[in-house]
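Subject: Structure for your review

Dear colleague,

Please find the structure below, handed over for your own work. My notes on what was found in it follow directly after.

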Amino acid sequence: MTVTRREAFSVSALAGVGIAAARALPATAATGKTTAAGGLTSPHASTLSTNERRPQEDLPVSVRPASTPFSVTNESLPFDFSGEMQVKEGVFPADMTGHLFLVGAAPRGRKNASIFTGDARITRIDFSPTRASLTTRRLRTPCSFVDDILSERGRNGFLAFQNYGFARMSFAFGTRYFGNTAPVPLPGGGLLLGYDGCTPMVIDPLTLDVDTYMGRLGTDWKTGWPRVDALAMLFPELPEFFRGLNIDAGQLLKFAPFPLITTTAHPAVDMQSGEVFVPNFNADDTRIVRWSRSGLKSVRLIDQETRMPALIKFSCHQVCLSRNHVVLADCAFVTEQRQMMIDSSYIENQPDYVDLHIVRRDAVESASDGGDVPSIRVRITAAEAVHFLMDYEEKDGLLSFTIPHTAGSDASERILPSDRIAKETSRVASAYPFPQGRIGDGPLSYMQGYFTSSVCGGFVGRYVVDPHAGKIVEERRSSPEDAKLLWTLPFVTFAHSEKTTGPSVRHLFFNQTGFAREALPQRVYDAYEKRARLPDAEIPASLVRFDTHLMRVTDAYLFAPGEQAGSPTFVPRAGHGDNSGDLDGYIVALVFTDGGTSGKANDSFWIFDAADLKKGPICKLVHAAFNTVYTMHSAWAPDLKPLPADAPRVSAEEHFGLDNQRYDWIPPIILPVREILEEAYARFNEFRSRSV
Ligand SMILES: [Fe+2]
């Protein structure tokens with residue numbers, strides 16, 4: 001059935017057509033202009049009231065300077081509120097169940113900020129047969145109160161918290177703990193929040209406050225960053241001969257109250273045992289921290305080939321599990337320390353490969369805390385990637401990976417006010433005039449901080465790896481015909497399973513941001529020029545379903561200009577059990593639409609039938625006050641259970657070592673660090689006592 005629909009929709013035919021194809025769709029599919037009274041029928045129809053107040057998302061095209069909606073960087077939302085969502089269009093399906101979690105970054109000041117930098121804003125939607133309830137909270141940690149106090153006192157030097165690209169740091173206090181990137185439900189209850197620059201935190205899914213931290217920084221985690229060549233960082237034009245002063249810049253923050261921990265936004269969770277695996281790496285080595293009911297264990301990886309500590313050179317944005325192995329990916333997200341500290345326009349090319357570090361889980365199990373475990377490195381040379389997926393079940397001892405390759409893209413680059421749009425994109429057909437001048441000076445200034453586009457189409461790879469031999473034994477790639485529907489693949493979802501970790505399912509769903517000229521600065525184009533294959537016309541954002549058996553896009557919904565989906569989430573139908581069908585549910589996506597600076601609600605949740613995306617949304621949900629930040633990953637959980645009472649818990653004071661004297665190096669006359677910390681913890685504990 002799926003293939004038939006795909007043929008009717010002719011996704012592959014659209015692949016070379018771009019934006020014109022979106023307009024060739026039937027009006028209901030291309031624009032979603034279906035009304036509650038307009039004929040959408042559902043056997044599960046319920047009675048949510050229709051929102052009388054129509055959000056301003058239908059601005060005329062002429063108001064928009066480009067196809068990317070204003071709303072990706074425009075937000076107006078109280079930090080904490082709850083309310084009922086209203087049906088704006090379509091019919092709310094009464095068989096939606098469980099809870100959807102979405103996180104994003106609420107920036108503190110736009111200066112030098114990426115849309116990925118800021119306090120975690122957590123959104124939860126609770127589904128029931130008759131309603132969808134919305135709750136949002138800002139995650140509060142002790143460092144967020146320090147940030148408040150420094151702002152109140154007007155401190156803005158390098159000792160105060162400042163945005164440095166993807167991080168917010170203070171050379172007195174350390175790094176902000178954001179937890180703003182990925183929610184990961186735990187099988188026994190509780191919700192992990194991951195961020196690449198701090199340890200994961202477990203929050204109570206009901207209160208959305210931190211329930212426990214993981215271990216103690218002083219003893220369980222190593223601080224630091226991958227090593228950088230300090231001379232090359234300071235003087236990039238310096239000849240190779242004079243380079244070689246390698247430092248771990250993260251150690252500068254080692255003695256801060258909130259030291260930098262380089263880890264992952266996506267810890268791996270075993271849905272059967274409840275174990276959580278988290279990388280912890282710096283310039284010297286790479287560790288896996290395993291957190292379980294029995295406590296915390298840290299083991300060091302020794303590369304079997306070199307007999308030396310395994311090193312993460314770039315970043316480790318994701319960790320995955322199979323039944324017998326845990327795999328860390330060294331992936332294409334370079335933390336460019338020169339760009340963060342010295343020159344925001346500086347750019348380093350991403351590696352065009354992914355290194356997988358594979359470790360046997362029984363080796364982690366048998367090793368002592370602090371001990372060594374062997375690892376084997378396998379390089380995927382097809383193209384770069386930021387995320388990867390792994391089948392939980394191994395077949396004949398082989399490991400199966402699915403990798404959405406973000407070919408020719410640089411997720412670590414954000415659009416700067418000084419950027420100009422790549423002149424080469426003037427040849428790409430668009431409904432909008434080619435933007436001139438610096439982005440920060442004109443109508444495209446709302447793009448500042450947004451991530452940049454790929455210079456070529458992407459693809460999905462499936463790899464079967466022999467973990468003993470350290471070799472790829474089978475490799476398949478998606479068809480080049482699908483490249484334009486896989487141009488940029490930020491986030492993925494698939495049918496939830498309580499039995500397995502990882503997609504032992506056939507169908508994956510991606511939001512795809514398409515190709516918009518305003519998202520490709522000259523600076524980024526020049527860095528990746530050799531690989532550039534720009535499309536003939538702009539490519540609309542889309543929601544696509546990818547079949548990992550056929551290795552094809554089999555269904556897609558193309559958004560109109562001015563619309564773009566954030567992370568999609570698979571919500572199973574009520575009563576259909578665990579993983580009974582990986583198309584038997586709904587895809588819910590937050591869609592950013594126009595609304596601009598009106599301050600009125602313009603972000604809405606669109607609900608699609610997972611088996612028929614091309615039909616368009618069957619329902620759109622809105623809330624008058626909901627105009628949120630750009631969101632990152634999302635997740636679904638069947639219930640709101642907290643972490644079990646007997647799970648190990650560590651308080652903020654224990655985790656950060658408040659009684660440790662290590663941060664007394666700054667004289668109080670310069671910055672009263674201790675006094676500020678004590679006030680911050682007092683505010684934090686008052687907040688905790690109010691929220692309990
Ligand atoms: Fe991610």
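In these notes, a cavity is a set of points, on a 1 Å grid over the protein atoms alone, where a 1.4 Å probe fits but cannot get out, and lining residues have an atom within 4 Å of a point. Grid points are joined across faces, edges and corners, and a volume is the space filled by probe spheres set on the points. This is a predicted model, in which local features need pLDDT of at least 70 and side-chain atom pairs count only at pLDDT 80 or more, while totals for chains, interfaces and linings use all residues. Residues are numbered from 1 along each chain as its sequence is written, and side-chain values use heavy atoms, with hydrogens and water left out.

Cavities

Eight cavities of 30 Å³ or more are found in a search of the whole structure. The volume of the second largest cavity is about 630 Å³. It is lined by 35 residues, of which Phe116, Phe166, Asp196, His317 and Phe333 are the closest to its centre. The lining of this second largest cavity comprises 19 nonpolar, 14 polar and two charged residues (Ala, Val, Leu, Ile, Met, Phe, Trp, Tyr, Cys and Pro count as nonpolar, Asp, Glu, Lys and Arg as charged, and the others, Gly among them, as polar).

Iron site

His317 is also one of the residues that coordinate the iron ion, together with His266, His387 and His633, each through NE2, at 2.0 to 2.2 Å. Donors are N, O and S atoms within 2.8 Å of the metal (3.2 Å for Na, K and Ca); water is not among the atoms, so sites may look incomplete. The angles among the four donor atoms run from 88 to 162°, and the site is irregular. Four donors count as tetrahedral if all angles lie between 85 and 135 degrees; four count as square planar and six as octahedral if opposite donors are over 155 degrees apart and all others between 65 and 115; anything else is irregular. The sequence spacing of the donor residues is H-x50-H-x69-H-x245-H. Histidine 387 lies in the loop between β22 (372-380) and β23 (389-390), and histidine 633 in strand β35 (residues 631-637), so this pair ties together parts that are 246 residues apart in sequence. Strands (E, at least two residues) and helices (H or I, at least four) are DSSP runs, numbered from the N terminus. Histidine 387 is buried at 13% relative accessible area, and histidine 633 is buried at 9%. Buried means under 20% relative accessible area, exposed over 50%, and partly exposed in between (1.4 Å probe, protein chains only).

Strand β4

All nine residues of strand β4 (residues 119-127) are buried, so the strand is largely enclosed by the rest of the structure. Strand β4 pairs antiparallel with strand β3 (residues 99-106) over eight bridges, where two strands pair if DSSP finds at least two bridges between them. Seven bridges join β4 to strand β5 (residues 132-138), also in the antiparallel sense, and β4 and β5 form a hairpin with four residues between them.

Positive phi values

Arginine 307 has a phi near 60° and is exposed, with a relative accessible area of 63%. Methionine 551 has a positive phi of about 55°, but is buried at 3% relative accessibility.

Yours sincerely

Technical notes: 1 Å grid on protein atoms, 1.4 Å probe; cavity = no way out; pocket = protein on both sides within 12 Å on 5 of 7 lines; lining within 4 Å.
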